[in-house]
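Here is a friendly walk through one protein model, from its overall build down to a few individual residues. Have the sequence and the coordinates open as you read.

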Amino acid sequence: MDPNPQLKKFLEPYDDSIQRLTLDLRSFILDIVPETNELIWDNYNAVAIAYSKSEKLKDAFCHIAVYKKHVNFGFNRGAELTKTNVKLSGTGKLIRHISVKDFHSFPSEEIKPMIWEAVGISEHMNSSLLDRNNNPKSIVMSISEKKIRPKS
């Protein structure tokens, strides 16, 4: 699936390495779960991208949050994961993440089973997600007027 054309525009204020890392993580997710939708928010303090088999954030299984010097790769129900071979950060009720500075250090083989478990949790919460999505979309959900970005 091609990214929404606005995604690259949203990433422009970030260094090339952060843009590349974001797109590499995006490809990683889409290679594993190609039927997922991509839900994009150009928020106040970060560009956030959620991956959901529906068009709803509540069904998302993982996400990417783009910051000036790193990208967070997170699980929306990460606190419920049992196949965690990677130490996840976060103290909230559900969301957990790892901070990634370059794709070469990203523990992709350890993360894959975690993604599949996260997809399973999402499908368990909403059984309609078991139906294959044959038309995945990259959708801009909202754009904040005011933003904190690393460069003009």
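## Overall build

From the N terminus on, the elements of the protein follow the pattern α-α-β-β-β-β-β-α-β. That gives three helices and six strands, where helices (H or I, at least four residues) and strands (E, at least two) are DSSP runs numbered from the N terminus. The radius of gyration is 15 Å, close to the 15 Å that the globule rule gives for 152 residues, so the protein is as compact as a globular protein of that length. That radius is taken over C-alpha atoms, and the globule rule is 2.2 Å times the number of residues to the power 0.38. Along the principal axes, the C-alpha atoms fill a box of roughly 45 × 30 × 25 Å.

A note on the source: this is a predicted model, in which local features need pLDDT of at least 70 and side-chain atom pairs count only at pLDDT 80 or more, while totals for chains, interfaces and linings use all residues. Residues are numbered from 1 along each chain as its sequence is written, and side-chain values use heavy atoms, with hydrogens and water left out.

## Surface and contacts

Of the 152 residues, 47% count as buried; buried means under 20% relative accessible area, exposed over 50%, and partly exposed in between (1.4 Å probe, protein chains only). The protein exposes about 8,400 Å², and carbon and sulfur atoms supply 48% of that area. The areas come from the Shrake-Rupley method with a 1.4 Å probe, and for residues only the protein chains shown count as cover.

Among contacts (heavy atoms within 4.5 Å) between residues at least 6 apart in sequence, 60% join residues at least 24 apart.

## The sheet

The six strands form an open sheet with mixed pairing, in the order S5-S4-S3-S2-S1-S6. Two strands pair if DSSP finds at least two bridges between them. At the edges sit strand S5 (96-100) and strand S6 (138-143), each pairing on one side only. Neighbouring strands of this sheet are turned by 20° against each other on average, direction ignored. Angles run from 0 to 180 degrees between N-to-C directions, and axes are lines fitted to C-alpha atoms, for helices over the stretch in contact.

Helix H2 (residues 16-32) packs on this sheet and touches S1, S2, strand S3 (60-66), strand S4 (71-75) and S5; the direction of H2 makes about 170° with that of S3. Helix H3 (residues 108-125) packs on the sheet as well, touching S3, S4 and S5, and its direction makes about 50° with that of S4.

## Strand by strand

S3 is mostly covered, with seven of its seven residues buried.

S3 and S4 form a hairpin with four residues between them. Five bridges join this antiparallel pair, and valine 66 is bridged to valine 71 in S4. S4 then pairs with S5 in the antiparallel sense over five bridges, where phenylalanine 75 stands opposite arginine 96.

## Residues to look at

What does the side chain of serine 138 reach? It reaches the backbone nitrogen of asparagine 4 at 2.8 Å. Serine 138 lies in strand S6 and counts as buried, at 14% relative accessibility. The side chains of serine 138 and glutamate 38 are joined by a polar contact of 2.5 Å. A polar contact is a pair of N or O atoms within 3.5 Å; within protein, one must be able to donate a hydrogen and the other to accept it, and residues adjacent in sequence count only if both atoms are side-chain atoms.

Aspartate 42, in strand S1, is buried at 4% relative accessibility. Aspartate 42 and serine 142 are 100 residues apart in sequence, yet 6.3 Å apart in space, C-alpha to C-alpha. Proline 136 is found in the loop between H3 and S6 and is partly exposed, with a relative accessible area of 23%.
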